[in-house]
Amino acid sequence: MSKKLLSIALGTSLVFGAALPSAFAGSISDHSAAKIEAAKTIMEKQNDKPKFYSAKLSKSAVKTEKEVKKLLKANQAVLGIDPSAELTLLETTTDDLGMTHYKFSQSVKGIPVDGAIFTVHTDKNKVVTNASGQIYPAASKNLKKQKAEISKDKAVNLAWSHIGISETDTIPKEEAALDFHKKSDVKNTTVKKDLVVHEQNGEFTLAYKVQLQFIEPYGANWQVFVDAASGEILEAYNAVTDAATTGSGTGVLGDSKQLNTYSSNGTYYLYDVTKPMNGVIETRTANNGTSLPGSYSVDSNNAWTATSQRADVDAHAYASAVYDYYLNTHNRNSFDNNGATIRSTVHYGSKYNNAFWNGSQMVYGDGDGTTFRSLSGAKDVVAHEITHAVTERTAGLQYQYQSGALNESFSDVFGYFLDPNDYLMGEDVYTPNISGDALRSLSNPAKYGQPEHMRDYVNTSADNGGVHTNSGIPNKAAYNTISSIGKAKAEKIYYRALTVYLTPTSNFSYTRAALLQSAADLYGSGSTTYNAVKTAWDNVGVY
């Protein structure tokens, strides 16, 4: 592949080139000749930014991890790290195009560098076509401490203390066991604790990454990094993925829907066991309280017609529709591609104007009737939330700054793919008394206060670095793409970029490159489709 792909710094508009005219040259039997020809550095600290290398082996195939590592070893000087010591294979996958992807994580003495994912891609003939991802050459040299001084449990306690609640505060009341033959596998409170190398502003620190996921007393997916030597909190943010920043709603649209339910002891449940998944699709209600995940939504005659049940019906039906879309369009079985349970809780809180995915499940408020009606009443909102779960299990886009704006944007874009009648987001539930209003617009982000070009990028520390604001730029690029090549091609390109090429630290320019590579994989590098994607991003000032 001869095309050139560019990369951009994590800042707002500073661009540098990482175009590689012939990134890999020579055959697999002659690794001394297989050198990456790096473009001259234009920006300082270029090696600390995500890169997308265009590459091509001239003749021979690469068929094993050992051969991939040997090729990377020959290019150690350009990569800036020792692949033998610092790259660990996470997985090898082969996609529908016959391309094979070797996904590596960077580590320092066996400890993963958080967010550092690097993937080598081969075509159906096993020839390397490109390599992409995040590598930190300075990590192994500048890591402050090589040994943890505090325990994982101590780090977890410090993380709970930092956010001001205890694990006990998040435990809901136990329910009596029901006689379902398929059980939900979603935990109400999840605590993850991993030793990682944490990077922040060029500083590398041995840290515990503590993830606190819960839905009571509020929805949260806290990412807390605790210095493994001192116990200092290095960084903490709530990565719960909102569909909106403000909202309202008291009812849904009154349309009829077919539901997959479950009968047990004369009671019907919104509990779908018909899908080819390991788990189930289940819907619960918090009964406008804070006890979560809430009780199962039930009915006595399987006719869910009460006004109080409308939010439940939509959450259940739309979750099923999103599951079917990912399975039928992308051959993806639930958000984790392993058939995991999809759980929704509706009637959360009193007049709660929001919806979110907290790392385990969806939660929907009823709104206040002025800003929102029940948020589960919009298919694009439900698709938005479940796509956050897909993103978490694939690209893992960190929920802050540009990667966080991309996290939001991909959810908006797939919201459109599920609900393609217009380019508006949440219009079915937002401001029910105002006709034609919406949360956001892919075609006209500026109408709802979002930038749609890099010259208007908003530098802010609010909202995790403006994730709900700056998403307007990639949203506009998506609109440009869809309006040019159509939904069918665009959704395949976007899904491939999200699941094959994007990494946790991807920024706007890297995403442009990933989408171009996906277009090239699917439709050819010289195709009108490829050029349309390029133009779409050029027109929002991302190169």
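Author: In this predicted model, a helix axis is a line fitted to C-alpha atoms over the stretch in contact, and the angle between two axes runs from 0 to 180 degrees between their N-to-C directions. On that basis, helix α10 (residues 472-485) and helix α13 (residues 528-538) pack at an angle of about 150°, their axes lying 8 Å apart.

Reader: Why is α10 called roughly antiparallel to α13?

Author: An angle over 145 degrees counts as roughly antiparallel. The angle between α10 and α13 is about 150°, and therefore α10 is roughly antiparallel to α13. The crossing of α10 past α13 is right-handed.

Reader: How do you know which residues of α10 and α13 meet?

Author: Contact requires heavy atoms within 4.5 Å. On the α10 side, the residues that meet α13 are Pro 474, Ala 477, Asn 480, Thr 481, Ser 484 and Ile 485. On the α13 side they are Thr 529, Ala 532, Val 533, Ala 536 and Trp 537. By class, this contact has seven nonpolar, four polar and no charged residues.

Reader: What makes the packing of α10 with α11 oblique?

Author: The axes of α10 and α11 are 7 Å apart, at an angle of about 135°. Roughly perpendicular ends at 115 degrees and roughly antiparallel requires over 145. The angle falls between these cut-offs, and the two helices are therefore oblique to each other. From α10, Pro 474, Ala 477, Ala 478, Thr 481, Ile 482 and Ile 485 take part, and from α11, Lys 487, Lys 489, Ala 490, Ile 493 and Tyr 494.

Reader: What makes two residues of the contact of α10 with α11 charged?

Author: Lys counts as charged, and α11 brings Lys 487 and Lys 489 to this contact. The remaining residues are eight nonpolar and one polar.

Reader: Why is α6 called oblique to α7?

Author: Helix α6 (residues 310-330) packs with α7 at an angle of about 55°, with 9 Å between the axes. Roughly parallel requires under 35 degrees and roughly perpendicular begins at 65; α6 is therefore oblique to α7. The crossing of α6 and α7 is right-handed. Tyr 318, Ala 319, Val 322 and Tyr 326 of α6 are in contact with α7 residues that include Ile 386 and Val 390.

Reader: Which elements supply at least two residues each of the lining of the largest pocket?

Author: Helix α7 (379-393) is one of them, together with β4 (87-94), β5 (100-108), β6 (111-122), β8 (189-200), β9 (203-214) and β10 (220-227). The largest share, six residues, is from β6. The largest pocket holds about 1000 Å³ of space, and among its 38 lining residues Lys 209, Gln 211, Glu 392, Gly 396 and Pro 504 are closest to its centre. The lining has 15 nonpolar, 15 polar and eight charged residues.

Reader: How do you know that Lys 103 lines the second largest cavity?

Author: A lining residue has an atom within 4 Å of a grid point of the cavity, and Lys 103 is listed in that lining. This cavity has about 50 Å³ of space. Other residues of the lining include Thr 119, Thr 394 and Leu 498, and helix α11 (residues 487-501) gives the largest share, four residues. By class, five are nonpolar, four polar and one charged.

Key. Residues are numbered from 1 along each chain as its sequence is written. This is a predicted model: local features need pLDDT of at least 70, side-chain atom pairs count only at pLDDT 80 or more; totals for chains, interfaces and linings use all residues. Side-chain values use heavy atoms; hydrogens and water are left out. On a 1 Å grid over the protein atoms alone, a cavity is a set of points where a 1.4 Å probe fits but cannot get out, and a pocket is an open set with protein on both sides within 12 Å along at least five of seven lines; lining residues have an atom within 4 Å of a point. Grid points are joined across faces, edges and corners, and a volume is the space filled by probe spheres set on the points. A crossing is left-handed if the near helix is turned anticlockwise from the far one by less than a right angle, and right-handed if clockwise.
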